[in-house]
Amino acid sequence: MIGSVGLLAAALAVGLGALGAGIGNGLIVSKTVEGIARQPELRGALQTTMFIGVALVEALPIIATVIAFIVMNR
């Protein structure tokens, strides 16, 4: 049985991880759309870079969830 502090820490880890990923994804996609609007001929390269960036940013909430499970199992 974990204490209320452990539950709070787990909830904060998951919540802040998701919040950060949401903000990061929004910034990445908005800048990609801006870049495509400025130079449409680079659409393919910009989208490839965007998908790599989004994948890296999405690793953050996964790591935060793993940390939350580790904290909850103590």
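Which residues make the nonpolar surface patch of about 610 Å²? Leu 8, Leu 12, Leu 16, Leu 19, Ile 23 and Leu 27 do. Before I go on, please keep in mind that this is a predicted model.

Now the helices. Helix α1 covers residues 4–38, and helix α2 covers residues 43–72. The two pack with their axes 8 Å apart, at an angle of about 175°. Angles over 145 degrees count as roughly antiparallel, and α1 and α2 are therefore roughly antiparallel to each other. As for what the contact of α1 with α2 contains, by class there are 20 nonpolar, 10 polar and 2 charged residues.

Next, the charged side chains. Side chains of opposite charge can pair when their charged atoms come close. This structure holds 2 salt bridges. One joins Lys 31 and Glu 34, at 3.8 Å from N to O. These residues are 3 apart in helix α1, so about one helical turn separates Lys 31 from Glu 34. Glu 34 also forms a salt bridge with Arg 38, where the closest N and O atoms are 3.6 Å apart. Here the spacing is 4 residues, again about one turn of helix α1. Through shared partners, the salt bridges link Lys 31, Glu 34 and Arg 38 into one network.

Are these side chains buried or exposed? Lys 31 is exposed, with a relative accessible area of 53%, and Arg 38 is exposed too, at 66%. Glu 34 is partly exposed, at 36%.

That is my last item.

Technical notes:
Residues numbered from 1 in each chain as written. Predicted model: local features only at pLDDT ≥ 70, side-chain atom pairs only at ≥ 80, totals over all residues. Heavy atoms only, no water. Axes fitted to C-alpha atoms, helices over the stretch in contact; angles between N-to-C directions. Parallel < 35°, antiparallel > 145°, perpendicular 65-115°, else oblique. Nonpolar A, V, L, I, M, F, W, Y, C, P; charged D, E, K, R; others polar. Patch = residues over 30% accessible without salt bridge, like charges linked within 9 Å, V, L, I, M, F, W, Y side chains within 5 Å. Areas by Shrake-Rupley, 256 points an atom, 1.4 Å probe, with all protein chains shown as cover. Salt bridge = Lys/Arg side-chain N within 4 Å of Asp/Glu carboxyl O. Buried < 20%, exposed > 50% of the residue type's maximum accessible area, 1.4 Å probe, protein only.
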